[in-house]
Amino acid sequence: MRLDKFLKVSRLIKRRTVANKVSEQGRIYVNGVISKPAKQLKEGDIITIVQAQSEIKVKILRIPNNNVSVQEASTLYEILSE
């Protein structure tokens, strides 16, 4: 699954267009490397999102086939640090 799609489906970022913009600005890292929106993700990858005054780091636990419910969204990742 693409990085921008995963961020939207997991609800780490609310809209895919916003995920694209943030990624294009170089504020999203996958396994420590700045990543573009089209980056293909796999289970076990570590995503770091750098925001204005904070940083969130999550580990991907599973990649969904389609959209998931709000309750399932938090089961897609584990928060490592905030």
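**Close-up views of the predicted model**

View 1. Asn31 is partly exposed, at 42% relative accessibility. Partly exposed here lies between buried (under 20% relative accessible area) and exposed (over 50%), computed with a 1.4 Å probe on protein chains only. The model is predicted: local features need pLDDT of at least 70, side-chain atom pairs count only at pLDDT 80 or more, and totals for chains, interfaces and linings use all residues. Residues are numbered from 1 along each chain as its sequence is written, and side-chain values use heavy atoms, with hydrogens and water left out. Asn31 sits in the loop between strand 1 (28–30) and strand 2 (33–34). Strands (E, at least two residues) and helices (H or I, at least four) are DSSP runs, numbered from the N terminus. Phi of Asn31 is positive, about 55°, although the residue is not a glycine. Most residues other than glycine have a negative phi.

**View 2. Arg11, between two helices.** The loop between helix 1 and helix 2 holds Arg11. Its phi is near 65°, another positive value in a residue other than glycine. Arg11 is partly exposed, with a relative accessible area of 41%.

**View 3. The salt bridges of Asp4.** A salt bridge is a side-chain nitrogen of Lys or Arg within 4 Å of a carboxyl oxygen of Asp or Glu. The structure has three of them. Asp4 pairs with Arg2, the closest N and O atoms being 3.0 Å apart. Asp4 is buried, at a relative accessible area of 1%, while Arg2 is partly exposed at 31%. Asp4 also pairs with Arg16, with 3.2 Å between the closest N and O atoms. This pair links distant parts of the chain: Asp4 is in helix 1 (residues 3–9) and Arg16 in helix 2 (residues 16–24), twelve residues apart. Arg16 is partly exposed, with a relative accessible area of 30%.

**View 4. The salt bridge of Asp45.** Asp45 forms a salt bridge with Lys42, where the closest N and O atoms are 3.2 Å apart. Elsewhere, salt bridges with shared partners join Arg2, Asp4 and Arg16 into one network.

View 5. Ala19, Val22 and Ser23 are the buried residues of helix 2. Seen down the helix axis, these buried residues fall within an arc of 95°, so they line one face of helix 2. The arc is that of the directions from the helix axis to the C-beta atoms. The buried residues of helix 2 pack against helix 1 and strand 1, contact meaning heavy atoms within 4.5 Å. Thr17, Lys21 and Glu24, on the other side of helix 2, are exposed. Just after helix 2, Gly26 has a positive phi of about 80°.

**View 6. Leu7 in the largest nonpolar core.** A nonpolar core is a set of buried Ala, Val, Leu, Ile, Met, Phe, Trp, Tyr and Cys residues joined through side-chain atoms within 4.5 Å. The largest one has 20 residues, of which Leu7, Ile28 and Ile47 touch the most other members. Helix 1, helix 2, strand 1, strand 3 (46–50) and strand 4 (55–60) each supply at least two residues of this core. Helix 1 gives the most, with four residues. Not counting residues up to four places away in sequence, Leu7 touches Leu12, Ile13, Ala19, Ile28, Ile47 and Ile49.
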